[in-house]
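Please read it alongside the sequence and the model.

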Amino acid sequence: QRHDLSDVERDAAIDPAIRLVPYSEEQFDHFARLLVETYVDSLDMPELNDLRTPEQAMGSHLGSGREPSPELYRIEVGRESVGVLMFNPGGPDNAWDLTYLGLRPAWRRRGLGRAIVKAALAISAQAGAPALVLTFDERNHAARRLYESVGFRSCGSYDVYLRLFKG
């Protein structure tokens, strides 16, 4: 899906109850554990849950090899780490790609996802991106409703074929 950012308020304030903490290497272990916690009961490619260690999961996001490098944030409410937000800037036509938004299960269905997506739109617009794009598992109807409710529109789809090897 795609959201044109020409009409997004660049100075939009992020909900003051939410804090986006930029990733740093010193946080690797905490960030990796939090990332895996957001996979619990996830509807996005649940077949992949429990197949990777926290370190492998983190490495897959950090090691994408794309330039510019991904932007990763830990989502905090109060003093609690509740989720992860990841972008890859500089995609096709310089659009930013919202590569991952995950919340720990106890923080889902509270409206927090909507606030985070709105923050993601503002961050991308402030960076000068013309659009924010994302993909999600078509079985995740809640994600589709969320993204469409804040203005994302379908720009195509693709099939993913997955073969799991035991070993």
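Two strands are taken to pair if DSSP finds at least two bridges between them, and helices (H or I, at least four residues) and strands (E, at least two) are DSSP runs, numbered from the N terminus. This is a predicted model, in which local features need pLDDT of at least 70, side-chain atom pairs count only at pLDDT 80 or more, and totals for chains, interfaces and linings use all residues.

**Sheet**
- In strand 4, Met-86 is the bridge partner of Leu-72, and strand 3 (residues 71–77) pairs with strand 4 (residues 80–88) in the antiparallel sense over 7 bridges.
- The open sheet is formed by 6 strands in the order 1-6-5-4-3-2, with mixed pairing.
- Its edge strands, each pairing on one side only, are strand 1 (2–4) and strand 2 (18–22).
- From one strand to the next, the twist averages 30 degrees, where axes are lines fitted to C-alpha atoms, for helices over the stretch in contact, and angles run from 0 to 180 degrees between N-to-C directions.

**Helix on the sheet**
- Helix 3 (residues 112–126) packs on the sheet and touches strand 1, strand 2, strand 3, strand 4, strand 5 (96–103) and strand 6 (131–133), contact meaning heavy atoms within 4.5 Å.
- The direction of helix 3 makes about 155 degrees with that of strand 5.

**Arg-104**
- Arg-104 lies in the loop between strand 5 and helix 3, and its C-alpha is 5.8 Å from that of Gly-83, although the two are 21 residues apart in sequence.
- Beyond its neighbours within four places in sequence, Arg-104 is in contact with residues including Leu-34, Thr-38 and Val-82.
- The side chains of Arg-104 and Glu-37 are joined by a polar contact of 2.8 Å, that is, a pair of N or O atoms within 3.5 Å, of which, within protein, one must be able to donate a hydrogen and the other to accept it, with residues adjacent in sequence counting only if both atoms are side-chain atoms.

Conventions. Residues are numbered from 1 along each chain as its sequence is written. Side-chain values use heavy atoms; hydrogens and water are left out.
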